[in-house]
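Student: I have not looked at this model before. Please go through the terms with me and say how each one is decided.

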Amino acid sequence: MELIYGPWPWYTSGILIAFVMFLLLMNGKYFGVSSNLRTLCTICGAGNKIDFFKFDWKAQKWNLFMIVGAAIGGFIATHFLSTDTNIALNPKTIETLEVLGFKDAGANYLPTELFRFDSVKSVLLLALGGLFIGFGTRYAGGCTSGHAISGLSNLQLPSLIAVLGFFAGGLAMIHLLFPLIF
Amino acid sequence: MKSLSYLTIGILFGITMLKSEAASWFRIYEMFQFQSFHMYGIIGVSVLLGTLTIALIKKFNIKAFDGSPIVFHKKDIRFKRYFFGGLIFGLGWALAGACPGPMFTLVGAGFFPILIVIVFAVLGTYLYGRLKHKLPH
C-alpha cells in the first residue's frame with residue numbers, strides 16, 4: 001500500500017502524464033492547460049473589447065473540465081491517497097532554503113512562509129508570480145504541458161525555444177532574484 | 001457524458017501531479033538548483049513516451065476514438081515570442097512554484113493562497129491580450 005500512499009516515483013508520474021496526453025489526443029483534443037486562463041478571461045467578458053479574447057469559449061469547455069478534474073484529483077490525492085505530504089528534499093536544498101529564511105523546507109508540501117494570506121509580502125509575491133505565469137504562458141503560446149510535454153513530443157522547435165526560456169527564467173529567479181527577495 | 005471523461009482525465013492528472021510532488025514549490029526550487037533528478041525524470045519520461053506515442057500515431061495513422069483523424073498543429077517558427085514569453089513564464093514558475101495545471105490541483109488539496117496565483121495568472125493573460133500588438137513576436 002506504501003506504493004500508493006507514499007510519494008510516487010518520477011517514472012510513474014512520467015508514464016501517467018504521457019497517458020493523459022494520449023487520452024486527450026484520442027479524444028481529438030490536446031494537452032495544454034494554460035489555454036484555460038484565456039478562456040476564463042473570455043468568460044469574464046474580456047472579448048467585448050479585445051479581439052484576442054473573442055472566441056467561442058464553449059469549444060474549450062472540455063479543457064475547463066480538465067482543470068476542475070485536476071482540482072478534484074488534488075483533493076482525492078490529499079485526503080484519500082496520502083499518509084503525509086512531506087517532501088524528501090535533498091538535504092543541500094533544505095540548507096539553501098534555510099539560509100533564505102524558509103524554516104520548514106520539506107516538512108510541508110508548500111512553504112508556509114510564502115503561501116499565506118496574512119503577510120503583505122507573501123501576497124504580493126504570489127500575485128507577481130501569477131502575473132508572470134499568465135502573461136508569459138500566453139506570450140509564449142503554451143506552458144509546461146503545451147510546450148514542454150506536447151510540443152517537445154511533437155518535435156516542435158518553437159517549443160524547445162520556449163522550454164529554454166522557461167529554464168532561463170526559472171534559473172534567473174532562483175539564483176539571481178531569490179537572494180534579493182527573501 | 002463526454003464532459004465526464006475529461007473530468008476523469010483531469011482527476012487522473014491532478015492525482016498524478018500531487019502524488020509525484022510535481023505540484024510542490026519545493027520540488028520546483030530543487031529542480032532549478034539541479035539538486036535532484038526527480039523533476040527531470042518526470043519531464044524526461046513523459047516527453048520520451050509522448051514522442052513515441054505521437055510517432056506511432058503518425059506512422060500508423062491511428063484515428064481518434066470517434067474515428068476522426070488526429071491533427072497535430074505545427075507552431076510557426078519564430079524566436080522572440082517563444083523565448084521572451086518562456087522567460088517570463090519561467091520567472092513566475094520559479095517564484096510561485098506552480099504551473100497552470102498544478103495550481104488548480106493545489107486548490108483541491110486545500111492550499112488556498114494559491115488562489116492569489118490563479119487570479120493574477122488570469123489577469124496576466126488578460127494583460128497579454130491587451131498588449132499583444134505592442135510586443136515583439
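Tutor: Start with the elements: helices (H or I, at least four residues) and strands (E, at least two) are DSSP runs, numbered from the N terminus. By that naming, Asn61(B) sits in the loop between H3 and H4 of chain B. This is a predicted model, in which local features need pLDDT of at least 70, side-chain atom pairs count only at pLDDT 80 or more, and totals for chains, interfaces and linings use all residues. Residues are numbered from 1 along each chain as its sequence is written, while chains are lettered from A and ligands numbered from 1 in the order in which they are written.

Student: Why is Asn61(B) called exposed?

Tutor: A residue is buried if 20 or more other C-beta atoms lie within 10 Å of its own, exposed if 12 or fewer, and partly exposed in between, with C-beta atoms placed from the backbone. Asn61(B) has 8 other C-beta atoms within 10 Å, so Asn61(B) is exposed. Its phi is near 50 degrees, a positive value in a residue other than glycine.

Student: Is Glu21(B) buried or exposed, and how do you know?

Tutor: Glu21(B) has 25 other C-beta atoms within 10 Å, and therefore counts as buried. Its place is the loop between helix H1 (2-19) and helix H2 (25-32) of chain B.

Student: What makes H3(A) mostly covered?

Tutor: Eight of the nine residues of H3(A) are buried. Among them are Leu37(A), Arg38(A) and Leu40(A). The cover includes H4 and H6 of chain A, together with helix H6 (114-131) of chain B. After H3(A) comes Gly45(A), with a positive phi near 100 degrees.

Student: Why are H3(A) and H4(A) called roughly perpendicular?

Tutor: Axes are lines fitted to C-alpha atoms, for helices over the stretch in contact, and angles run from 0 to 180 degrees between N-to-C directions. Angles under 35 degrees count as roughly parallel, over 145 as roughly antiparallel, 65 to 115 as roughly perpendicular and the rest as oblique. The axes of H3(A) and H4(A) come within 10 Å and cross at roughly 110 degrees. The two helices are therefore roughly perpendicular to each other.

Student: Which residues of H3(A) and H4(A) meet?

Tutor: Two residues are in contact if their C-beta atoms, placed from the backbone, lie within 7 Å. Ser35(A), Asn36(A) and Thr39(A) of H3(A) meet Asn63(A), Leu64(A) and Ile67(A) of H4(A). By class, this contact has two nonpolar, four polar and no charged residues. Here Ala, Val, Leu, Ile, Met, Phe, Trp, Tyr, Cys and Pro count as nonpolar, Asp, Glu, Lys and Arg as charged, and the others, Gly among them, as polar.

Student: How many residues does each chain give to the contact between the chains?

Tutor: Chain A gives 109 residues and chain B gives 99. The side of chain A that touches chain B has 73 nonpolar, 31 polar and five charged residues.

Student: Which residues touch the most other members of the largest nonpolar core?

Tutor: A nonpolar core is a set of buried Ala, Val, Leu, Ile, Met, Phe, Trp, Tyr and Cys residues joined through C-beta atoms within 7 Å. In the largest such core, of 95 residues, they are Met66(A), Ala98(B), Ile114(B) and Val117(B). Helix H4 (residues 80-96) of chain B gives the most to this core, with eleven residues. Val117(B) touches residues including Leu126(A), Gly129(A) and Met103(B).

How values were computed:
Lists of a residue's contacts leave out its neighbours within four places in sequence.
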